[in-house]
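Subject: Structure handover

Hello,

Please find the structure below. My notes on what was found in it come after.

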Amino acid sequence: LTQLEVVPRYLKLLALPWPQNIYHDYPPVPLPGAALTWVLGAALVGVIVLAAARRQTTPALAFGILLIFGTLAPTSSVFALKETMVEHRTYLPSVGYAFVVAWLFADLLAARLGARWTAAALAGLLGLYCTLHVSYDLLWRSEETLWSHAVQLNPHSSDGWRYLGDLYKDDGRYSDAVTCYGQALASRPSNVEVRSKLGSVLARTGRVDEAERELRGALEQAACYTPALNNLANLLRERGDTSGAVALYAESLGCNPENAMAHLGLGHIYYGPLRDRLKAAEHYSRFLELADPHHSQIRQVKEILWRL
């Protein structure tokens with residue numbers, strides 16, 4: 001049902017690629033759908049039937065339309081994908097659109113306007129497409145510009161605000177990250193990932209009580225969400241609550257035994273306040289086995305293990 005509304009948007013973007021957006025976040029259409037959903041669905045079926053019926057008289061037009069729908073079908077029909085609408089799904093269908101444009105200018109318009117005016121119309125269309133392409137391409141100069149544009153066009157996109165918040169967090173712009181995560185939660189209060197990240201950033205800015213409240217709220221929504229467990233354990237460890245931190249890290253490992261960050265936290269605790277060299281080495285070694293090779297603490301952990 002959602003794709004019955006999304007596919008017409010794809011067709012509109014093929015004909016007029018504006019406004020483009022890196023993240024549309026089109027809301028799923030619940031059963032049984034709205035009246036508009038079924039009207040659009042009937043219109044799509046009608047276009048396909050008409051194209052099939054015209055394959056002898058206007059083969060370029062028919063082939064183009066059927067190619068558009070045929071190449072959209074794997075991503076925009078009955079298969080439920082993570083993202084309901086993504087512009088790159090129109091790349092292959094644009095080959096079919098080229099056939100439609102060829103028929104429009106070489107057959108329909110040429111017969112009515114003549115060669116000169118048809119060529120002028122085609123030049124105008126190409127000029128419009130080039131202008132729209134350059135204007136969108138300029139947004140890709142930086143991630144901040146790109147994601148700011150995304151949430152400007154779709155201010156209720158929780159994931160869009162999350163991506164922008166992640167960018168600010170990685171750049172150390174914590175106050176901006178807090179604002180973005182707040183917007184993401186306002187759009188979707190059930191977004192556990194955002195609530196956990198918000199708690200982590202609040203802790204980095206010294207707003208510890210607010211951070212703990214957000215992290216515990218995330219765990220109330222998803223008791224086994226390991227990033228929130230790890231972040232809350234980190235907060236307790238920094239507060240000096242060693243036993244509470246160990247318990248949370250252990251709970252996190254119970255939820256996911258291959259949780260590298262819980263092993264890292266336990267390694268720090270056993271190496272530091274608990275002074276258990278053997279357990280510290282065990283958890284640090286496990287962290288190195290599981291962690292991303294580009295993790296920022298890989299070198300530090302290797303140096304500690306060398307000393308141990």
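Please keep in mind that this is a predicted model.

I will begin with the inside. The largest nonpolar core has 47 residues, and Leu-164, Tyr-249 and Phe-287 touch the most other members. Leaving aside residues up to four places away in sequence, Phe-287 touches Ala-260, Met-261, His-263, Leu-264, His-295, Gln-297, Ile-298 and Val-301. Another core, of 21 residues, lies apart from the largest one; Leu-44, Ile-68, Leu-72 and Val-100 are among its members.

Now the surface. Phe-63, Leu-92, Val-95 and Phe-99 form a nonpolar patch there, and together they have about 360 Å² of accessible area. Phe-99 belongs to helix α4, which covers residues 93-137. Phe-99 counts as partly exposed because its relative accessibility is 34%, which falls between the limits of 20% for buried and 50% for exposed.

Next, the backbone. Most residues other than glycine have a negative phi, and most peptide bonds are trans. The loop between α1 (2-15) and α2 (35-53) contains Pro-19, which is joined to Trp-18 by a cis peptide bond with omega of about -10°. Pro-32 is also in the loop between α1 and α2, and a cis peptide bond with omega of about 0° joins Leu-31 to Pro-32.

Asp-25, in the loop between α1 and α2, has a positive phi, near 55°. Its relative accessible area is 24%, so Asp-25 is partly exposed. Arg-275 has a positive phi near 55° and sits in the loop between α12 (260-271) and α13 (277-290). Arg-275 counts as exposed because its relative accessibility is 67%.

Regards

Conventions: Residues are numbered from 1 along each chain as its sequence is written. This is a predicted model: local features need pLDDT of at least 70, side-chain atom pairs count only at pLDDT 80 or more; totals for chains, interfaces and linings use all residues. Side-chain values use heavy atoms; hydrogens and water are left out. A nonpolar core is a set of buried Ala, Val, Leu, Ile, Met, Phe, Trp, Tyr and Cys residues joined through side-chain atoms within 4.5 Å. Buried means under 20% relative accessible area, exposed over 50%, partly exposed in between (1.4 Å probe, protein chains only). Contact means heavy atoms within 4.5 Å. Patches are made of residues with over 30% relative accessible area and no salt bridge: like charges are joined within 9 Å, nonpolar side chains (Val, Leu, Ile, Met, Phe, Trp, Tyr) within 5 Å. Accessible areas come from the Shrake-Rupley method with a 1.4 Å probe; for residues, only the protein chains shown count as cover. A salt bridge is a side-chain nitrogen of Lys or Arg within 4 Å of a carboxyl oxygen of Asp or Glu. Helices (H or I, at least four residues) and strands (E, at least two) are DSSP runs, numbered from the N terminus.
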